[in-house]
Amino acid sequence: MRRYGHWVTLPVVFGLIIVTFWLTVALTIDFWSPFDPLEMVARRLKPPSTAHLLGTDALGRDVLTRTLYGAKHSIPIAVIVVFVAVSIGSLLGAIAGYIGGWVDAVIMRLVDITLSFPPILLAMAVAASLGPGIENAAVAMIVVWWPVYARLMRAQVLEVRERDHVEAAIASGVTRSRLLFIHILPLCWTPILINATMDFGQVLLLAASLSFIGLGATPPTPEWGAMISDGAVHFYQWWIALGPGLSILVVVLGFNFLGDGLRDILDPRSSD
Amino acid sequence: MTQTTPLIDVRDLRVAFKTPLGELEAVRGINLAVKEGQVASIVGESGSGKSVAMLAVMGLLPSNAIVSGSVKFRGKELFGLPSRELANIRGDRIAMIFQDPLTALNPVIKVGDQIAEAIKLHNRGISKKDAFARTVELLDRVAIPQPLQRVNQYPHEFSGGMRQRAMIAMAVANDPELLIADEPTTALDVTVQAQILQVLDNLRVSTKIGLLLITHDLGMIAGCADSVTVMYAGSLVEFGAVDDVFYNSRHPYTRGLLSSLPKLDREEETLFSIEGAPPSLIARPTGCAFHPRCSYAVARCSTEEPKLRSVDKVLSACHLAENLRN
């Protein structure tokens with residue numbers, strides 16, 4: 001049974017706080033940023049102090065400022081990638097499940113092929129062939145991510161289209177496209193929504209990974225993965241990678257908490 | 001019987017399913033006709049093919065079904081009709097009520113909107129206001145209290161009986177000429193069953209609708225049907241007017257069904273039941289499909305399939321039909 005009102009668990013609250021905090025930062029950082037993220041504001045490689053809470057990096061830029069600005073670059077990428085992957089994936093999955101036959105076979109073999117590669121390898125290959133840059137990294141991640149949703153959506157459509165109310169709708173003379181969009185799809189979104197929320201964290205991580213190996217955001221963009229990459233060469237200046245590293249950890253955790261909570265609310269099968 | 005052309009005329013309907021085990025014949029040549037303002041009924045055990053036959057008439061079977069025969073609706077052949085034209089007839093001139101009202105309504109759309117959709121589908125250009133007014137009127141007609149409030153509720157806010165009534169409202173939204181009701185009361189409790197039957201009967205009287213009732217409830221047939229078709233293992237075994245079949249049956253299976261009804265006015269130690277189970281489609285008995293369970297069976301029954309023929313006032317498919325008397 002669904003237990004409305006009982007879903008406010010500690011992890012969900014944490015998740016909400018974390019995600020809200022970082023979204024607010026991403027949207028408003030331009031107005032209250034302590035320093036300019038691209039300008040040298042102090043001596044280079046200064047350890048944390050009251051003036052620069054997370055110290056300065058190899059070019060004398062404020063690490064805290066850059067970390068906060070990182071949200072503005074990393075979070076929108078994750079949002080765009082997940083949104084586009086969900087759109088493409090669920091559309092193709094719905095078509096495959098609804099039409100069936102050879103259309104289904106072609107789409108699902110494409111899904112199988114894509115999913116047979118380790119995601120990071122495929123993303124690297126696509127990103128490398130397109131050239132470095134945050135847009136190309138986004139394209140690479142969409143290529144990697146859409147099949148997950150295609151599979152989910154197809155399974156869901158296959159189940160829902162056998163339900164009695166769909167047959168009843170056909171019996172009342174509904175056309176094929178109307179049947180899909182009005183009577184089948186609205187009942188298919190739950191697992192997609194849950195998965196998408198959980199995937200924000202994963203996509204963020206993959207984006208950072210691509211940037212870390214130089215295939216994502218290009219310097220001097222304050223992107224978390226690229227910043228960790230910078231910090232990695234300065235082994236004794238631990239503070240350079242600390243901010244972006246912790247930020248990734250916290251944001252991924254936040255989205256996962258939120259996804260878990262959503263699943264508990266929306267999916268009756270998973271509740272205990 | 002009058003000589004008017006029937007509303008729907010089903011001739012030699014056969015349905016087979018392609019499966020890994022080979023072709024399974026679920027319906028083996030049945031004939032059926034419903035006239036205006038009449039109630040025809042089909043009765044049979046679960047798995048006797050009655051629902052499959054009706055889904056075939058509506059063209060709702062999955063693609064692995066092989067359907068043959070002829071279904072004429074007001075003289076027009078439905079088989080082989082383009083899906084577009086069939087969709088226009090479905091829900092407008094032929095409507096269907098499903099057995100399980102709990103699952104046959106879309107859970108995420110308001111009941112009123114679902115009925116309004118059925119109206120809009122077959123009345124292009126009808127205004128929102130008119131469709132809404134018609135929806136309220138329909139809910140009122142199927143005896144749903146406070147229809148003005150109820151239109152804006154979701155199916156889960158309705159009780160089982162009310163959902164079935166909403167289904168009926170949806171089915172009759174466009175004043176169909178033929179209504180197929182597939183076990184319309186199976187999922188409901190007895191008091192609600194009576195109300196649903198009352199609703200259906202009122203509709204039949206007020207709109208001259210032809211009703212095709214599929215059921216395994218003999219009491220329901222006795223109460224409201226004009227003719228009855230008895231099916232066993234996909235075949236038509238007996239057909240006739242309700243009174244003739246009930247009081248003067250010429251088929252052992254029908255007799256078995258009638259004797260299985262518990263009688264409240266007599267004290268009996270054990271209830272009568274027909275021995276055995278209905279045959280599976282994979283291993284259908286030779287000859288008459290009913291012979292392994294039939295207490296009258298003779299040698300001929302296991303080798304020769306009986307033909308449907310006129311005996312007295314009914315049609316019966318039993319070798320011994322002439323000898324079965326009360």
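Two residues are taken to be in contact if their C-beta atoms, placed from the backbone, lie within 7 Å. The model described here is predicted.

**Helix packing in chain A**

By that criterion, A:Trp22, A:Leu23, A:Val25, A:Ala26 and A:Ile29 of helix H1(A) meet A:Leu68, A:Tyr69, A:Ala71, A:Lys72, A:Ile75 and A:Pro76 of helix H2(A). Sorted by class, this contact comprises ten nonpolar residues, one charged residue and no polar ones. H1(A) covers residues 10-32, and H2(A) covers residues 63-99. A second pair is formed by H9(A), residues 224-233, and H10(A), residues 239-266. The geometry of both pairs is set out below.

| Helix pair | Angle between axes | Separation of axes |
|---|---|---|
| H1(A) and H2(A) | about 105 degrees | 8 Å |
| H9(A) and H10(A) | roughly 145 degrees | within 8 Å |

Angles from 65 to 115 degrees count as roughly perpendicular, and H1(A) and H2(A) are therefore roughly perpendicular to each other. The crossing of H9(A) and H10(A) is left-handed. There, A:Trp224, A:Met227, A:Ile228, A:Asp230, A:Gly231 and A:Ala232 of H9(A) meet residues of H10(A), including A:Ile240, A:Pro244 and A:Ile248. The contact of H9(A) with H10(A) has eight nonpolar, three polar and one charged residues.

**Chain A as a whole**

Chain A contains ten helices and zero strands. Its C-alpha trace spans about 75 × 45 × 30 Å along the principal axes. Of the 272 residues in chain A, 45% are buried. Among its contacts between residues at least 6 apart in sequence, 68% join residues at least 24 apart.

One residue of H2(A) is A:Ile80. Since a residue needs 20 or more C-beta neighbours within 10 Å to be buried and 12 or fewer to be exposed, A:Ile80, with 15 such neighbours, counts as partly exposed. A:Ile80 and A:Val252 are separated by 172 residues in sequence and by 16 Å in space, C-alpha to C-alpha.

**An enclosed helix**

Helix H6(A), residues 164-171, is largely enclosed by the rest of the structure, because six of its eight residues are buried. These buried residues are A:His165, A:Val166, A:Ala168, A:Ala169, A:Ile170 and A:Ala171. Within chain A they pack against helices H5 (134-160) and H7 (176-184), and from chain B against helix H1 (50-58) and strand E6 (94-97). After H6(A) comes A:Gly173, with a positive phi near 90 degrees.

**The nonpolar core**

The largest nonpolar core has 168 residues, and those that touch the most other members are A:Val81, A:Met141, A:Val203, A:Ala207, B:Ala169 and B:Leu179. H5(A) gives the most to this core, with 16 residues. Leaving aside neighbours within four places in sequence, B:Ala169 is in contact with B:Ile115, B:Leu138, B:Leu139, B:Arg141 and B:Val142.

**Where the chains meet**

The contact between the chains takes 14 residues from chain A and 20 residues from chain B. On the side of chain B that touches chain A, the elements giving two or more residues are helix H2 (83-89), E6 and helix H3 (111-122) of chain B. H3(B) gives the most to this side, with three residues. By class, the side of chain B that touches chain A has twelve nonpolar, five polar and three charged residues.

How values were computed. Residues numbered from 1 in each chain as written. Chains lettered and ligands numbered in written order. Predicted model: local features only at pLDDT ≥ 70, side-chain atom pairs only at ≥ 80, totals over all residues. Helix = DSSP H or I, 4+ residues; strand = E, 2+ residues; numbered from the N terminus. Axes fitted to C-alpha atoms, helices over the stretch in contact; angles between N-to-C directions. Left-handed = near helix turned anticlockwise from the far one by under 90°. Nonpolar A, V, L, I, M, F, W, Y, C, P; charged D, E, K, R; others polar. Parallel < 35°, antiparallel > 145°, perpendicular 65-115°, else oblique. Core = buried A, V, L, I, M, F, W, Y, C linked by C-beta atoms within 7 Å.
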